[in-house]
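Good morning, and thank you for making time for this presentation. May I ask you to bring up the sequence and the structure before I begin?

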Amino acid sequence: MTSDNNIDIHMMKGKLESEEITCYVFDENIVTLNPLFNIAVGGIKLRVHELDAEKAKDIIKEINSTPSRDEFQNVIKCPQCGSESLYTNFRSMKGIFGLISAIISFILSIFPIYFKSVYKCKACDFEFKG
């Protein structure tokens with residue numbers, strides 16, 4: 001499993017270790033210190049032993065297929081297509097502020113200074129606030 005968010009990686013690591021699967025985190029420090037290196041190193045990686053790979057894949061698949069819920073435990077669905085398959089905390093740079101941020105970030109070679117955390121539908125790529 002790979003991610004650009006060390007919190008997600010450590011939550012998954014905790015879940016796998018609770019199922020008695022030994023796992024290791026790679027490239028966490030370099031991505032955390034300089035997020036621009038995320039693409040270069042391929043993100044923060046969570047690795048397991050080859051013998052535990054199938055069990056770990058099943059656990060990750062089960063977690064990823066669990067629908068997102070709001071604070072009232074209602075399932076969050078895409079308002080456009082009704083799908084329950086969503087990316088949570090997706091970093092969106094859509095809109096004029098996102099464009100300006102991308103240009104400034106490119107010129108100064110820094111991590112984007114503006115983005116919104118939204119849900120993004122895996123089925124239709126529609127982005128929305130929860």
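First, the ground rules. This is a predicted model, in which local features need pLDDT of at least 70 and side-chain atom pairs count only at pLDDT 80 or more, while totals for chains, interfaces and linings use all residues. Residues are numbered from 1 along each chain as its sequence is written, and side-chain values use heavy atoms, with hydrogens and water left out.

Let me begin with the overall picture. The chain has 5 helices and 6 strands. Read from the N terminus, the order of elements is β-α-β-α-α-β-α-β-α-β-β. The C-alpha trace spans about 45 × 35 × 25 Å along its principal axes. Of the 130 residues, 24% count as buried; the term buried stands for under 20% relative accessible area, exposed for over 50%, and partly exposed for what lies in between, with a 1.4 Å probe and protein chains only. As for contacts, meaning heavy atoms within 4.5 Å, residues 24 or more positions apart account for 53% of those with a separation of 6 or more.

Two strands are taken to pair if DSSP finds at least two bridges between them. Strand 1 and strand 3 (residues 44–48) are joined by 2 bridges and run antiparallel, and threonine 2 stands opposite lysine 45 in strand 3.

What does the surface show? The accessible surface of the chain comes to about 9100 Å², of which 56% belongs to carbon and sulfur atoms; these areas come from the Shrake-Rupley method with a 1.4 Å probe, and for residues only the protein chains shown count as cover. A nonpolar patch, with about 1200 Å² of accessible area together, includes Ile96, Phe97, Phe106 and Ile113. Isoleucine 113 lies in the loop between helix 5 (96–108) and strand 5, and is exposed at a relative accessible area of 58%. Patches of this kind join nonpolar side chains (Val, Leu, Ile, Met, Phe, Trp, Tyr) within 5 Å, and like charges within 9 Å, from residues with over 30% relative accessible area and no salt bridge.

How many salt bridges does a search of the whole structure find? There are 5, each being a side-chain nitrogen of Lys or Arg within 4 Å of a carboxyl oxygen of Asp or Glu. Glutamate 17 and lysine 13 meet at 3.5 Å, N to O; both lie in helix 1, 4 residues apart, about one turn of the helix. Glutamate 19 forms a salt bridge with lysine 15, with the closest N and O atoms 3.3 Å apart. Lysine 77 and glutamate 84 meet at 3.9 Å; lysine 77 is partly exposed at 46% relative accessibility, as is glutamate 84 at 36%.

I close with the backbone. Most residues other than glycine have a negative phi. Glutamate 20, however, has a positive phi near 65°; this glutamate 20 sits in the loop between helix 1 and strand 2 and is exposed, at 72%. Aspartate 125 likewise has a positive phi, near 60°. Aspartate 125 belongs to the loop between strand 5 and strand 6 and is partly exposed, at 44%.
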